[in-house]
Every structure is written in structure tokens, then in C-alpha cells.
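Hi everyone, thanks for making time for this. I'd like to walk you through one structure today, going from the overall picture down to a few individual residues. Have a look at it on the screen first.

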Amino acid sequence: MSVLVVGLSHRTTPVALLERVTVSGDALVKLLHDVQADENVSEALVVSTCNRVEVYAVVDRFHGGVTAVTNMLAAHSGLPQEMLARHLYVHYEDRAVQHLFSVACGLDSMVVGEGQILGQIRTALRLAQEEGTAGTTLNELAQHALRVGKRAHADTGIDRAGASLVGVGLTLAERVLGPIGGRRALVVGAGSMSSLSAATLSRAGVTDVVIANRTRERAERLAETVGGRAADLADVPAELAEADLVISCVGAGTRTITAETIGDRDRPLFVLDLALPHDVDPGVRDVPGVTLVDLKSMQQDGVGDVSDGGRAEAICEVRRIVAEEVAAYLDAARAALVTPTVVALRSKAAGVVEAEMGRLLSRLPDIDGRMRDEITQTVRRVVDKLLHEPTVRVKRLAASPGGDQYAEALRELFGLDPKKPEAVSSLEVEQ
């Protein structure tokens with residue numbers, strides 16, 4: 001059985017389509033059970049957020065598993081399978097583990113390093129546990145991913161990258177506007193970076209924050225957290241007329257703000273474009289009184305060391321952590337595969353010792369108890385010493401790629417019942 005992930009995210013899918021695939025509540029519970037009910041799947045876990053929908057499954061066949069999960073996503077979203085398939089990504093075995101660990105660290109988020117994804121993975125795991133769709137494999141994998149995410153945040157500056165980026169932008173805004181406390185601000189978008197921007201503005205003393213977003217409900221939720229108000233994207237021109245400071249974080253590939261959108265100004269306006277691709281048309285720089293700053297202009301203005309929030313160095317370190325943790329997880333998983341076989345071998349050896357001692361004692365009925373115990377212990381020590389080296393070596397070799405072959409060789413050499421290791425897999429093996 002192997003881990004498979006089939007998903008789509010903001011990196012592969014238009015926002016409108018992604019929103020149609022996102023599931024929650026009863027629909028999410030039904031998707032979990034529908035996926036697990038497929039003959040190719042034994043465990044299922046779904047991470048569903050505004051930026052990604054990913055199904056993690058333990059499957060016995062790759063192609064059968066991919067087909068099953070894809071069909072379920074298409075059925076639950078109401079989208080044609082052909083349309084959905086164009087945006088899906090698939091990871092299997094080692095790559096699936098690496099992907100989840102990277103997601104947990106925030107490397108795959110719209111705002112690199114954001115910590116919200118850890119809570120979302122934790123929620124997904126809890127639901128799968130409550131619904132009984134997560135077994136040993138996904139439980140251990142998700143728990144390990146959560147530990148990796150926590151380590152990445154604790155050992156690196158990955159979670160401070162975005163905050164530094166917004167902070168630098170506001171510092172540049174104060175050069176143009178003076179103190180921003182008490183100013184009017186417009187945040188375009190309601191994703192992770194927008195949330196970070198709104199919170200930073202609030203802490204800086206901006207008391208009038210407007211959140212404009214295509215989905216009104218998300219704008220209202222974010223506005224509520226900072227005591228602001230929500231607006232539709234259609235309201236952006238009117239809100240721009242009243243704003244002193246604009247932060248745009250949509251990144252949908254369209255120009256949300258143009259010179260025409262801004263119109264004539266009778267006072268300064270500072271526009272901070274934190275989106276990639278950019279939201280703001282460069283032509284706004286030609287509008288009198290408007291200052292446009294984006295990532296590129298930050299670098300050109302001499303703040304290149306902090307213009308990316310220190311993300312490059314932090315990302316490099318987090319990737320190293322992910323690689324290290326993936327290797328550790330896979331080593332442990334491979335070693336665990338041989339454990340039932342080692343248990344079965346020792347169980348068989350113990351049975352042989354017991355049978356032979358029974359035969360010996362039946363021939364020596366007059367032997368005293370002390371002598372009987374001494375002989376028994378001696379025979380057991382001999383067997384243990386003979387088995388010690390091969391079992392230690394096979395557990396060590398099992399941690400390498402293809403390690404399951406060593407377990408198979410052990411079963412063949414000692415004539416072990418292939419089904420016996422599964423039956424005793426919960427036993428502890430003597431080290």
C-alpha cells in the first residue's frame with residue numbers, strides 16, 4: 001500500500017474553478033467516505049482550503065487510485081473530468097510525502113511561510129480520524145508533517161518573510177504620506193497576504209481599512225478581524241477616490257488597478273503591489289500624485305535585502321529541513337515494513353525451542369528443575385545469538401530503497417508464512 005495525493009491549488013487552477021472544487025461541511029465528509037469506499041483505497045484524508053483541494057489516499061494500485069480520486073473530485077464538483085484533469089497534479093510514494101511536508105511548511109502557499117496551513121492540515125486530520133477514514137499510514141504521515149511544519153517555523157524565518165515584506169512596503173509608504181496612523185487604506189484581495197496586510201495596517205494605527213474582493217463573504221470575514229468594512233471589486237474605483245494607501249494582493253493575472261481606475265487625484269496616493277503576477281498597471285505611475293511600489297521597485301530603491309522579506313534564505317533552509325525529514329520518514333517507514341517479518345522469525349524460533357525442549361525433557365523425566373531451567377536458557381541464548389546479527393542487519397538494510405526485498409528474502413530463507421507477519425505486526429521486536 002502506498003500514499004497518493006491528487007489535488008489542485010492556486011498554482012495550477014484558476015480561482016473560479018478552484019472555488020467550484022472546494023468542499024466543506026457535509027460535502028467534505030461525503031467525499032472522504034466516497035474516496036475510501038473505492039476498492040483501490042484503504043485510507044483517505046482531504047485538505048480543502050480557499051487555495052487548495054488535495055486528496056491524500058493510501059492505495060494498492062497507482063493508476064486505479066488516481067482514477068478513483070479524480071472521478072470523485074469530478075463528481076463532487078460537478079465539473080467534467082476532462083476539464084478537471086487539466087489542472088490536477090499527482091504525487092506518489094516518496095513525492096507524496098515530500099509534497100505534504102512542503103505544504104505543511106508553507107512552501108506551497110500563496111504567501112510563502114504562512115502558518116495558517118498547519119491549522120488546516122490539523123483540522124483535516126482530525127476530521128479523517130473522527131470519520132474513521134485515516135488509518136495508521138495517514139495518521140503517522142500527517143502527524144509527521146505537522147511536526148515538520150512546526151520545526152520549519154521554529155528554526156527559520158519563513159513565517160516572518162511575508163510580514164517583513166509588508167513592513168518594508170509600509171515604511172516606504174510613510175516616506176510619501178508621512179505617518180500612516182489615521183489614514184484610509186484599501187486592501188484588494190482577501191487571501192493570506194491580504195490578511196497579513198490588513199493586520200499590519202491595523203497594528204500601525206490605520207483605523208479605516210476597506211477589504212475589496214471578488215467573493216464578498218471572504219471580504220467580510222477579513223474586514224471583521226480588523227474592524228474594517230467590505231467592498232466588491234466593482235467598488236474599487238470609488239474606494240480609491242477615498243483612500244490614501246492601497247495594497248493589492250490578488251495575483252490573478254489581470255490588472256485590478258489602472259490609471260483609469262484611479263482617475264484624477266487632489267491628494268497623494270501610495271499603491272503597494274505585492275501580487276505576482278502584478279495587479280497594478282505600471283501606467284499608474286504617470287498619474288499625478290500617485291506613487292506605485294512593487295517588488296521590483298523595492299529592489300531598485302536599495303532595499304533588496306529585505307524586499308523579499310528574507311524569503312530566499314528562509315526558503316532554502318526550509319527545503320533542507322523538508323529533505324532531511326522526508327529521508328527520516330521514509331527510512332522509518334521502510335524499516336517498519338520488515339518488522340512483522342522479524343517478529344515472525346523470532347516467533348518461529350521460539351516455537352522450535354519450545355518443541356525441542358519438550359522433546360528433550362520427555363526423554364529425561366528425572367532431570368531436576370534447576371538443570372532444566374539452565375538447559376532451556378542456554379538453548380534460548382544460542383538461538384538469540386544466531387538470530388541477532390541477521391535481524392539487526394535486515395532492519396538496517398530495510399531502511400534503504402528496495403528494503404522490502406530483504407524482508408522477502410528472510411521469509412523465503414526461513415520458510416515463514418507470508419501471512420504471518422501481518423498477523424503479528426502489532427508485537428514488539430526485541431532489539
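Let's begin with contacts along the chain. Of the contacts with a separation of 6 or more, 69% are between residues 24 or more positions apart. Please keep in mind that this is a predicted model. The chain has 431 residues, and 47% of them are buried. Its secondary structure comes to 17 helices and 10 strands.

Now, the inside. Which residues have the most contacts inside the largest nonpolar core? They are L45, F101, L107 and L141, in a core of 38 residues. Several elements give two or more residues to this core: the strands β1, β2 and β3, and the helices α5, α6, α7 and α14. The largest share comes from α14, with eight residues.

Let me stay with F101 for a moment. F101 is buried, with a relative accessible area of 0%. If we leave aside the neighbours within four places in sequence, F101 is in contact with L141, H144, A145, V148, V322, E325, V326 and Y329.

How many does a search of the whole structure find? The search finds two. In the pair I want to show you, the rings of F101 and Y329 have their centres 6.0 Å apart and their planes at 80 degrees, so this pair is edge-to-face. For edge-to-face, the planes have to be over 60 degrees apart. F101 sits in helix α5 and Y329 in helix α14, so to speak two distant parts of the chain, 228 residues apart, linked by this pair. Y329 is buried too, with a relative accessible area of 11%.

Helix α2 covers residues 25-37, which is 13 residues, and reaches 19 Å from its first C-alpha to its last. That is close to the 18 Å expected at 1.5 Å a residue. The buried residues of α2 are L28, L31, L32 and V35. Why do we say that they line one face of the helix? Seen down the axis of α2, the buried residues fall within an arc of 100 degrees, so they line one face. On the other side, D26 and A37 are exposed. And what covers the buried residues of α2? The cover includes β2, β3, α3 and α6.

L186 stands opposite V210 in β6. Strand β6, residues 208-213, is mostly covered, with five of its six residues buried.

R229 is partly exposed, with a relative accessible area of 39%. R229 and L186 are 43 residues apart in sequence and 9.9 Å apart in space, C-alpha to C-alpha. Again leaving aside neighbours within four places, R229 is in contact with D208, V209, V210, I211, A223 and E239.

Most residues other than glycine have a negative phi. Phi of E93, however, is near 55 degrees, a positive value in a residue other than glycine. E93 is partly exposed, with a relative accessible area of 38%.

Technical notes
Residues numbered from 1 in each chain as written. Predicted model: local features only at pLDDT ≥ 70, side-chain atom pairs only at ≥ 80, totals over all residues. Heavy atoms only, no water. Core = buried A, V, L, I, M, F, W, Y, C linked by side-chain atoms within 4.5 Å. Buried < 20%, exposed > 50% of the residue type's maximum accessible area, 1.4 Å probe, protein only. Helix = DSSP H or I, 4+ residues; strand = E, 2+ residues; numbered from the N terminus. Contact = heavy atoms within 4.5 Å. Expected span 1.5 Å × (residues − 1). Arc of directions from axis to C-beta. Phe/Tyr/Trp six-rings, centres within 6.5 Å; stacked < 30°, edge-to-face > 60°. Pairing = 2+ DSSP bridges.
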